[in-house]
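User: I am new to this structure. Please walk me through some of the terms used for it, and say what each one rests on.

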Amino acid sequence: MSPPAAPAPAPAPAAAFDPETWRAQFPILRTEMHGRPLVYLDSAASTQKPRRVIDRLKSFYERDYANIHRGVYELSQRASALHDEARRKVQRFLGARDWREIVFVRNATEGINLVAWSFLRPKLEPGDEILVTEMEHHANIVPWQIVAGERGARVVAAPITDAGEIDLDALAERITGRTRMLAVAWVSNVLGTVNPVEEIVALARREGVPVLIDAAQAVQHRPVDVAALGCDFLVFSGHKTYGPSGVGVLYGRGELLDAMPPWQGGGDMIEKVSFAGTSFNEIPFRFEAGTPDIAGIVALGEALDFLEELDLARVERHEAALLAGAERALARIPGLRILGAPKERRSALAFTLEGAHPQDIGMLLDLEGIAIRTGHHCAMPLHARFGLSASARMSVGVYTNEADIDALTAGLRRIAAMFQ
Amino acid sequence: MDRAAGIAEEQERILEEFALFEDSREKLEYLIELGRELPSLEERHRTEGNKVRGCQSQVWLVAEYDEGSRRLRFRADSDAVIVRGLIALLLRLYSDRRPEEIVATPPEVFERIGLGRLLTPGRQNGLYSMIGRIKELAAVYARLDAGRIAAS
């Protein structure tokens with residue numbers, strides 16, 4: 001059975017533009033914390049889930065659940081069809097040419113590990129280099145370090161500017177004859193910097209270096225088209241994209257995936273098994289050993305439908321305006337310093353407050369029902385670059401409104417007064 | 001602070017102090033007050049070796065054992081003030097105590113004053129690791145003391 005390569009048809013964007021109706025679809029945002037309405041400003045860590053995603057998980061288990069790609073009976077075939085349809089939805093969402101280029105993994109981190117182990121490791125030799133940037137999440141540093149360590153290769157970090165942007169000339173200078181991989185975040189999970197991935201991909205292609213884009217903070221905030229972008233690999237996490245936790249996506253160019261050996265062995269990834277030897281299944285199944293998070297994958301498809309109906313161009317305008325407003329409001333608070341000043345910022349904004357440790361800020365805001373992230377946000381090298389060990393970070397999602405920003409601003413003003 | 005107070009008495013005092021507070025806000029404000037009053041650790045003690053593992057804030061712990069009085073003394077510090085407040089409470093409980101007393105006393109008083117969730121394992125702060133290190137050191141000295149007493 002070979003399903004067609006075409007993606008699932010796109011849902012039509014809803015006609016009305018009203019972010020409050022977006023917000024109304026998230027049941028958890030009507031809950032209270034410490035007796036105060038929840039102000040959720042940690043979407044960069046994980047987004048909350050709309051009712052329809054929660055309902056889809058439940059209805060899938062109630063009506064459609066069986067293991068996939070195994071049973072001849074109707075229920076298994078229905079579950080398989082829904083799972084395969086979700087893959088087609090991801091294909092459409094990313095603009096991939098072929099559904100075979102979509103590999104389901106647990107999260108963006110696992111996608112990067114898969115590329116590090118299956119694509120890069122076999123061709124890595126002593127002295128080879130993997131180029132990343134100072135602003136990467138640990139997930140886009142550590143997997144490369146592990147395979148580099150095994151092979152006597154090394155991870156090189158391109159510097160970022162005080163504004164929190166990649167220095168493109170410095171990045172280009174660090175591409176050498178030994179560079180085997182370039183791995184860059186599309187949007188920084190701390191600074192919110194939108195990196196010029198089109199230019200970065202063009203640079204990598206000119207130099208003949210394979211390029212992976214960590215889109216964990218990008219695909220839920222702006223439209224994406226991997227075929228137009230021309231990257232070799234791209235990863236994102238379902239749980240940051242209004243979908244369930246435990247499911248993520250690796251996009252890989254078909255010809256590259258096709259040439260890659262399996263990473264993990266097990267069921268569903270084989271063609272024929274005997275003790276004399278085993279041959280492996282085609283892509284993407286070769287990389288999907290064992291029973292996946294079937295319900296999670298189906299619900300991720302629902303989440304992507306949700307995002308496409310909102311229309312990502314509209315989502316981007318709404319969130320960018322909110323973030324710009326937050327930046328203006330926070331910058332006026334005495335003692336507050338915003339990290340970086342990139343030309344374009346999406347998703348997140350990090351800051352410090354004179355005299356107050358980020359952890360103190362987080363714990364005091366929590367009392368007011370305000371959820372932000374504090375710490376190093378899995379980006380210790382980036383914090384070191386700014387001479388810090390920790391920062392506070394607010395981040396936005398489709399449901400964020402001005403009242404959330406006002407609550408944060410008021411809370412931070414009170415804390416600033418306490419610590420001065 | 002009255003050093004004659006035993007570890008059980010000190011627990012009671014902490015419970016009484018926190019019984020006065022109506023909500024988490026008042027408790028945190030009190031911790032901030034305690035944190036501000038805690039003497040800072042000298043810069044030379046804020047070393048990697050004295051650091052206990054934590055993700056968000058940094059915690060340093062210095063221990064001294066007085067063989068004459070058989071008491072284990074701790075000093076500690078953090079870069080976050082609420083954590084410093086918790087450290088102040090932990091030191092009242094565990095510092096200047098006999099090793100066997102420390103070993104025998106779990107930090108359950110923190111559960112009872114509603115701060116247990118601040119001391120859970122994981123990435124939040126170094127306090128869980130700090131308690132772990134205090135207990136480890138106490139166990140080592142308790143064994144050494146038991147050995148010495150048996151030998152004499």
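Analyst: Start with Cys231(A). Leaving aside neighbours within four places in sequence, Cys231(A) is in contact (heavy atoms within 4.5 Å) with Val201(A), Val211(A), Ile213(A), Val226(A), Tyr251(A) and Arg253(A). This is a predicted model: local features need pLDDT of at least 70, side-chain atom pairs count only at pLDDT 80 or more, and totals for chains, interfaces and linings use all residues. Residues are numbered from 1 along each chain as its sequence is written, chains are lettered from A and ligands numbered from 1 in the order in which they are written, and side-chain values use heavy atoms, with hydrogens and water left out.

User: What makes Cys231(A) buried?

Analyst: Its relative accessible area is 0%. Buried means under 20%, exposed over 50%, and partly exposed in between, with a 1.4 Å probe and protein chains only. So Cys231(A) counts as buried. It sits in the loop between α8 (226-229) and β9 of chain A. Helices here are DSSP runs of H or I with at least four residues, strands are E runs of at least two, and both are numbered from the N terminus.

User: How far apart are Cys231(A) and Phe285(A), in sequence and in space?

Analyst: They are 54 residues apart in sequence, and 21 Å apart from C-alpha to C-alpha.

User: How do you know that β8 and β9 of chain A pair?

Analyst: Pairing takes at least two bridges found by DSSP between two strands. Strands β8 (211-214) and β9 (233-237) of chain A have 3 bridges and run parallel. So the pair qualifies. Ile213(A), for one, has Leu234(A) as its bridge partner in β9(A).

User: Which sheet do these strands belong to, and why are β4 and β6 of chain A called edges?

Analyst: The sheet is open, with 7 strands in the order β4-β10-β9-β8-β7-β5-β6 of chain A and mixed pairing. β4 (102-105) and β6 (154-158) each have a single partner strand, so one side of each lacks a neighbour in the sheet. From one strand to the next, the twist averages 20°. Helix α4 (108-120) of chain A packs on this sheet, touching β4, β5, β7, β8, β9 and β10, and its direction makes about 150° with that of β9(A).

User: Why is α3(A) called oblique to α10(A)?

Analyst: Helix α3 (74-94) and helix α10 (294-310) of chain A pack at about 40°, with axes 8 Å apart. Axes are lines fitted to C-alpha atoms, for helices over the stretch in contact, and angles run from 0 to 180 degrees between N-to-C directions. Under 35 degrees is roughly parallel, over 145 roughly antiparallel, 65 to 115 roughly perpendicular, and the rest oblique. So α3(A) is oblique to α10(A).

User: What makes the crossing of α3(A) and α10(A) left-handed or right-handed?

Analyst: It is left-handed. That means the near helix is turned anticlockwise from the far one by less than a right angle; clockwise would be right-handed. Leu82(A) and Phe93(A) are among the α3(A) residues in the contact, and Ile294(A) and Leu304(A) are among those of α10(A). The contact residues divide into 10 nonpolar, 2 polar and 4 charged. Nonpolar covers Ala, Val, Leu, Ile, Met, Phe, Trp, Tyr, Cys and Pro; charged covers Asp, Glu, Lys and Arg; the others, Gly among them, are polar.

User: Why is α3(B) called roughly parallel to α6(B)?

Analyst: The axes of α3 (81-94) and α6 (127-151) of chain B come within 11 Å and cross at roughly 20°. That angle is under the 35 degree limit, so the pair is roughly parallel. The crossing is right-handed.

User: What makes α12(A) roughly perpendicular to α3(B)?

Analyst: The axes of α12 (358-366) of chain A and α3(B) come within 7 Å and cross at roughly 90°. That falls in the perpendicular range, so the term applies. Gln359(A), Asp360(A), Met363(A) and Leu364(A) meet Val81(B), Ile82(B) and Val83(B). By class, there are 5 nonpolar, 1 polar and 1 charged.

User: Is His377(A) buried or exposed?

Analyst: His377(A) is buried, at 1%. Its phi is near 50°, also positive in a residue other than glycine.
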